[in-house]
Amino acid sequence: MALPRSQARGWVKAAKMAQRRRPAEDTGGPQSPAPGSQRAALYVHWPYCEKRCSYCNFNKYIPRGVDEAALRRCLVIEAQTLLRLSGVRRVESVFFGGGTPSLASPHTVAAVLEAVAQAAHLPADSEVTLEANPTSASGSRLAAFGAAGVNRLSIGLQSLDDTELQLLGRTHSARDALQTLAEAQRLFPGRVSVDLMLGLPAQQVQQGALPAPDPELAAEMYQEGRAVLREAGFRQYEVSNFARNGALSTHNWTYWQCGQYLGVGPGAHGRFIPQGAGGHTREARIQTLEPDSWMKEVMLFGHGTRRRVPLSELELLEEVLAMGLRTDVGITHQHWQQFEPQLTLWDLFGASKEVKELQEQGLLLLDHRGLRCSWEGLAVLDSLLLSLLSRLQEAWQQRTPSSVPRG
């Protein structure tokens, strides 16, 4: 299931050399993956945590004991199976999320990367991200993950206030967070992101659930935070993501550009065309949630896909619209035409009264580049999407059956 050790070490060595040569990303973001291509991002879900945080709704479990060797074997098998079923030949990025993947052994990370490199082309400069929590990410452990092939860290700081961290149920202190951040910056210079939360309530946790924050205060904090980051030279490249010196997440960019991605592990989600199995329509896929059940299915069938939902052409375009407008680049005409070659952005929104009003309000732009939100518009995207999605659905219904391209 794994590459020979010499070949695995060769990939890691090549990756490190590529990282030293790697130029800053283009300010427009990575190139948009073409739909139906043989390229994809790959997400790997580690389902275990040390404890439950009061705000988190991800698929996670607090185990009495973990058979990591069995889980590792299943992650490897499922990754190889989904790469074969999808017909994907090039993996652009790998993201280890959770749960708390920094609780995994670096050997598990290395084994998955070896399996991916065996089943598809994993370029030496591919972005390989690991989510880490301060309490499970000592300097020596982070270095071991780097040796296993990780070249980017996403650290769950959440807050630098000890009272807020206790409110959230976090196991680390502000001091732990800063210490981990310093180690990460030393080991992965220019390749570190952090999660920070705003709009937290000041009240105590009640019955395991956090009371809702005041929406007006949360909005004010968001606007103030955006302004502070912009002043500090950060680009807001997505509604809730900011980067400096071109260090945006290329893996997440694939999501926002509606590129293909494979989801490996318990509860992981994916979006791809199963070309390797003779498919022609993009599917939304969800893996079985519970780890033990998922592992049984992987050992029986090669993967633990619990649900497959073919996406209609309209559903895919709705995703392209909703996800693309989350970015500061928005949706270029070229990008839209990759998914819909007949109905242009001008056809959809050029004569729309609602769109003209949004443009006059300075919230939306439709021009030779494409459709995008202004800086002010990004802050109220949810309200803008109501009008835009409604217009897309109306235009789609007005098309004659003969004009609808086949999937």
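1. A salt bridge is taken here as a side-chain nitrogen of Lys or Arg within 4 Å of a carboxyl oxygen of Asp or Glu, and by this rule the count comes to twelve. The model is a predicted one, in which local features need pLDDT of at least 70 and side-chain atom pairs count only at pLDDT 80 or more, while totals for chains, interfaces and linings use all residues. Residues are numbered from 1 along each chain as its sequence is written, and side-chain values use heavy atoms, with hydrogens and water left out.

2. E283 takes part in two of the pairs described here: with R285 the N to O distance is 3.0 Å, and with R308 the closest N and O atoms are 2.8 Å apart. The latter pair links distant parts of the chain, 25 residues apart, since E283 lies in strand β10 (residues 283–287) and R308 in strand β11 (residues 305–310); strands are DSSP runs of E, at least two residues, and helices runs of H or I, at least four, numbered from the N terminus.

3. On burial (under 20% relative accessible area is buried, over 50% exposed, in between partly exposed; 1.4 Å probe, protein chains only), E283 is buried at 8% and R285 is buried at 4%, whereas R308 is partly exposed at 49%.

4. A further salt bridge joins D367 and R372, with the closest N and O atoms 2.9 Å apart, and R372 counts as buried at 9% relative accessibility.

5. E340, in the loop between α11 (333–339) and α12 (345–349), is buried at 2% relative accessibility, and its side chain reaches the backbone nitrogen of Q342 at 2.9 Å.

Methods
A polar contact is a pair of N or O atoms within 3.5 Å; within protein, one must be able to donate a hydrogen and the other to accept it, and residues adjacent in sequence count only if both atoms are side-chain atoms.
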